[in-house]
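Hi,

Here is the model I said I would pass on. Have a look at it first, and then read my notes below.

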Amino acid sequence: MADVIKLLPEHVANQIAAGEVIQRPASVVKELLENAVDAGSKSIILHIKDGGRTLIQVIDDGAGMSETDARMSWERHATSKIASADDLFKLNTKGFRGEALASIAAIAHTEMRTRRHTDEVATQIMIEGSEVKSVEAVNANAGTCITVKNLFYNVPARRQFLKSNPVETKYIIDEFLRVALPHPDIAFEFYNNGNDIFKLKSGSMEQRILEIFADKKQDEILYVEETTSVASIKGFVGVPQIAKKTRGEQYLFVNNRFFRDGYLNHAISSAYKELIPKDVFPFYIFFFSVRPESIDVNVHPQKTEIKFEDERIIYQFLHAVARKALGDHIQVPEADFNMAAFTVKPGVYATQPRIDLNTGFNPFVGSGSGQTQARKANSDWKKIFDGDVKGSFSERYEAEQTNLKAEFVGDIKHDTRIKKESPSIDSIWQVNKKYIMAQTGEELYIIDQEKAHERILYEKYLRSINGQQIATQERLFPQLVDLQPTDFVIVHDLLPHLALMGFDLAVFGKNSLIINGVPAGIKNANEKLLIEGMVDDFKQTQTQAKGDRFDILARSIARKTGVKQGDELSQTEITNLFEELFQCENPYFDISGKRTLKILSSSDLEKLFI
Amino acid sequence: MKFIVSTNDLLKQLDLVDGVVVSKPLIPILENFLFEIKGGNLKITTTDLETFMTTSLKVEADSDIDIAVPSKVSLETLKNLPTQPVTFSIDEASKSIEINTGNGRYKLTGNEAKDFPKFPELESENSIVLSSKVLLKAINKTIFATGTDELRINLTGVYCQITDTHINFVATDANRLVRVQRKGFKNGFETSFILPKKAMNLLKNALPNDESPVKIEFNSSYAFFSFTGVSLICRLIDERYPDYTAVIPTENPNKLSINRNDFISAMKRVSIYSNKTTNQVRLKIAGSEMTISAEDYDFANEATERLSCNYEGADIEIGFNARFLTEMLNAVDTEEVKMEFSMPNRAGLLLPSENESEEDILMLIMPMMINV
């Protein structure tokens, strides 16, 4: 019997490889645009027809190629961008594999016209299904023009699976934006069936973003910029109000390369956590600049995944940057008191919410600065993690407790918060045992008592990690709580956290706790049910990060001990609630992102009676 | 039928029993006073089904009758009349009640007396007799410390513990505790029960501040108080009271004595600056000086005040809920007040500088700590 294993003919191999690189017309657009950018163009024009099926044409004014280069460029693994394997780890260009053109040529009718600025004649190469049909000298502008026609003409299966033209066009627009966004210095034009969709002038990043996202206003986008030794970040985040119900306006770029990252996306969306409802996605664009060798781009054929050297630091850094930008700009719904602080002057774009960020931001360290801090946190985490694996349970507990003591309990006595100005109340009353109405000057505040109190308590308990420890009201009759062994482990783990929050708990016997004291100010709460409920909440939303633990606990306590709808409040209580609400960092939304209050101005009231 | 009574006399009795009536009760008849006239004696009963209260007075009646009279309307009418004799004319068939004064005529409709819940027959097992003054004082000193937590019903009442030789009245809300002990009895039995707060409040208003005797009878579910023509029956809180004796600290090496009025005034001023939710104030006692301080981080408020005192023991700093402490200081009658401490995380004791004979008042307050 004859041998059956043979080398595939090159055009077949190319077709197969093309399946990886070129999945749909948008992939062609991406590859061609990136090549044009890599060629140092100042202006790039993209034409498509019928969702890219019939025509994709990219015209640039970049470097251009000599005749030999032009021919070579269509060969597989032929590239000008890297020369050795080491170069893979310091990529400054978009492409590097030398596969794109070969792949495209295998499955379409392509035509390339290219001229270097120093040459007098251009080279025109026509290829159909990897077969060079002609090479001619022609007259053309400097730069390169690549035309891709009849994509997938020889791969009917692939053609079958293409979506409708509008959908394919949408994919192409996405790819176009991912290239156009990080390169504001290059002018882009984009024509679909002869109609212009985008005409982007070269200019600043801010102009580019506003040109592309024409539905957003200048003052709806906040600008942040931060630099550390690991990375520098430039970011544009949308205010919570412009978050949308659908994904799509989230962009992460590293060294001007678009990538997706669920983990980093979480860093940003969690910064919005209480500002927007759960099913809404915030607008953001972040540009990272890192040393090329600290990332690995070559993990995915589409190059949309990036491996960072130290993702955790990037995560914390990103979260902090987003958080701060938003914190500086919590917009007041309807009312305009203090609005002056947020106003952006026309023409001066994206300068005011500048932040002075602790570059080694770590939510668990009260103070400190510099990269060392962040690194330290990281190693601490590793230590604890190692303990988890090797060390005994009690060792880990001790370690954590000392950590907590050392790191969280800062200088309590001297940590005085600055009183924020809260609106002065003319009259205040409770409605339906659910709402608080307050008149302040010209405005009527309508506050949901349950949501508002949750917010107050949540922030109060959360502050306990930053040194504002909560006083403990000792109880006359200590209560014994028997727990399931698994639950007990959880609570035992949380003891130092709970202590900071004002619980005086002691381990009693094997799986029991004694509640000696509870946070002062808790009213009518059954301590036992509270602890059991917190364990349940914790189990449901368990995560390993320490910051999150506090968050879960604070939420749980706030929900369980807060004023409820239907609770009758005294005049003093409602006044207190109102004032405390406005001492909150974010008085306008409750802990699940719903409104706590509504403000009716006198003109709003007038409108009711027109 | 008709009866004639002085507005003042009737009003006085109605006021005593009106506190039992709840607004919007489960059954509408409970919003009535039950009037029972028998041989010139008017007996007035009110109830909310948990508590029954009766009182009586002499009236000039031409015959006997039982009728339920709407409490709110009748009481409001009488309150707004100047003192004078009024005539009640009652038509038994139509239940119409007409109140005639010198110048006016007020007509309202009563209800069937037989719909009114029956005053429970009490088969008492035991009884004790106290002077009204003593009971009144015990109630006044304890009732403020009862709990309001509906999840812990047992703490919402006043615990009454009767031993052979003495009676303890105890109230606690789990943050503080008051025990009023009366000695010098020869009861011959031991028992204990929890009296509901509502009944205690009613007694507080009805008990005369004199030596007249109050008889308390009780069985496992009811307590029955009778004094000077008034009877009150209340259902006991059927719960176990916590073992309060275990929490009273016995070793208190640090003893303080201070002028009560000065202490109260200082507390009132300093507590204005305390956090509104925790009400925390700190007492720092060293040598013969006590420093009271409070702060509210949220509003950047703080206050300190120094008071001189007599103190024996180690320097101590201890935090308390200002409201609890002030209420307890107010419940003490003596000019000087004593406090005793052991540790900043253990209960502090508050005692009058001297007790009446046969009396022992002890108050206890749990500290509020910042556990650094």
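One contact to start with: the side chains of Ser212(B) and Asp210(B) are joined by a polar contact of 2.5 Å. Do keep in mind that this is a predicted model, so every value here is computed from predicted coordinates.

Where does Ser212(B) sit? You will find Ser212(B) in the loop between helix H4 (197-206) and strand E15 (213-218) of chain B. Its relative accessible area is 16%, under the 20% cut-off, so Ser212(B) counts as buried. Leaving out residues up to four places away in sequence, Ser212(B) touches Leu130(B), Ser131(B), Ser132(B) and Thr228(B).

Now the rest of chain B. This chain has 372 residues, and 57% of them count as buried. There are 6 helices and 27 strands in chain B. If you take the contacts in chain B with a separation of 6 or more, 66% are between residues 24 or more positions apart.

The sheet I looked at in chain B is an open one of 8 strands, in the order E6-E2-E3-E4-E17-E16-E15-E10, with antiparallel pairing. Strand E6 (65-70) and strand E10 (126-131) of chain B each have a single partner strand, so one side of each has no neighbour in the sheet. On average, neighbouring strands in this sheet are turned by 20 degrees against each other, ignoring direction. At the E6 end, strand E2 (residues 32-38) of chain B pairs with E6(B) in the antiparallel sense over 6 bridges. If you want a pair to click on, Ile37(B) has Ile65(B) in E6(B) as its bridge partner.

Two helices of chain B pack on that sheet. Helix H1 (residues 7-18) of chain B touches E2, strand E3 (41-47), strand E4 (51-58) and strand E17 (230-235), and its direction makes about 170 degrees with that of E4(B). Helix H2 (residues 71-79) of chain B touches E2 and E6, with its direction at about 85 degrees to that of E6(B).

I also checked the length of H1(B). With 12 residues at 1.5 Å a residue, H1(B) should span 16 Å, and the end C-alpha atoms are 15 Å apart, which agrees. Which residues of H1(B) are buried? They are Thr7(B), Leu10(B), Leu11(B), Gln13(B), Leu14(B) and Val17(B). Among the elements covering these buried residues are strand E1 (2-6), H2 and strand E7 (85-91) of chain B.

On to chain A. Here 52% of the 610 residues count as buried, and the secondary structure comes to 17 helices and 22 strands. Of the contacts in chain A with a separation of 6 or more, 69% link residues 24 or more positions apart.

Chain A has an open sheet of 5 strands, ordered E9-E10-E13-E11-E12, and its pairing is mixed. Strand E9 (221-227) and strand E12 (257-259) of chain A are the edge strands, each pairing on one side only. Strand E11 (residues 250-254) of chain A pairs with E12(A) in the antiparallel sense over 3 bridges, and the bridge partner of Val254(A) in E12(A) is Arg257(A). Helix H8 (residues 262-271) of chain A packs on this sheet, touching E11, E12 and strand E13 (284-290), and its direction makes about 125 degrees with that of E13(A). H9(A) lies across E9, strand E10 (231-238), E11 and E13 of chain A, running at about 140 degrees to E9(A).

As for the cores, the largest nonpolar one has 114 residues, and those with the most contacts inside it are Leu46(A), Phe176(A), Ile285(A), Phe286(A) and Phe288(A). Helix H9 (residues 311-327) of chain A gives the largest share of this core, 9 residues. A second, separate core has 98 residues, including Phe3(B), Ile99(B), Tyr311(B) and Met339(B). Back in chain A, the residues that Ile285(A) touches beyond four places in sequence include Leu181(A), Ile209(A), Phe213(A) and Phe236(A).

Finally, another serine to look at: Ser202(A), in the loop between strand E8 (195-200) and helix H7 (205-212) of chain A. Ser202(A) is partly exposed, with a relative accessible area of 46%. Pro184(A) is 18 residues from Ser202(A) in sequence, and their C-alpha atoms are 5.4 Å apart in space. Beyond its neighbours within four places, Ser202(A) is in contact with Pro184(A), Asp185(A), Ile186(A), Ala187(A) and Arg208(A).

Cheers

Definitions and conventions
Residues are numbered from 1 along each chain as its sequence is written. Chains are lettered from A and ligands numbered from 1 in the order in which they are written. This is a predicted model: local features need pLDDT of at least 70, side-chain atom pairs count only at pLDDT 80 or more; totals for chains, interfaces and linings use all residues. Side-chain values use heavy atoms; hydrogens and water are left out. A nonpolar core is a set of buried Ala, Val, Leu, Ile, Met, Phe, Trp, Tyr and Cys residues joined through side-chain atoms within 4.5 Å. Buried means under 20% relative accessible area, exposed over 50%, partly exposed in between (1.4 Å probe, protein chains only). Helices (H or I, at least four residues) and strands (E, at least two) are DSSP runs, numbered from the N terminus. Contact means heavy atoms within 4.5 Å. Two strands pair if DSSP finds at least two bridges between them. Axes are lines fitted to C-alpha atoms, for helices over the stretch in contact, and angles run from 0 to 180 degrees between N-to-C directions. The expected span of a helix is 1.5 Å times one less than its number of residues. A polar contact is a pair of N or O atoms within 3.5 Å; within protein, one must be able to donate a hydrogen and the other to accept it, and residues adjacent in sequence count only if both atoms are side-chain atoms.
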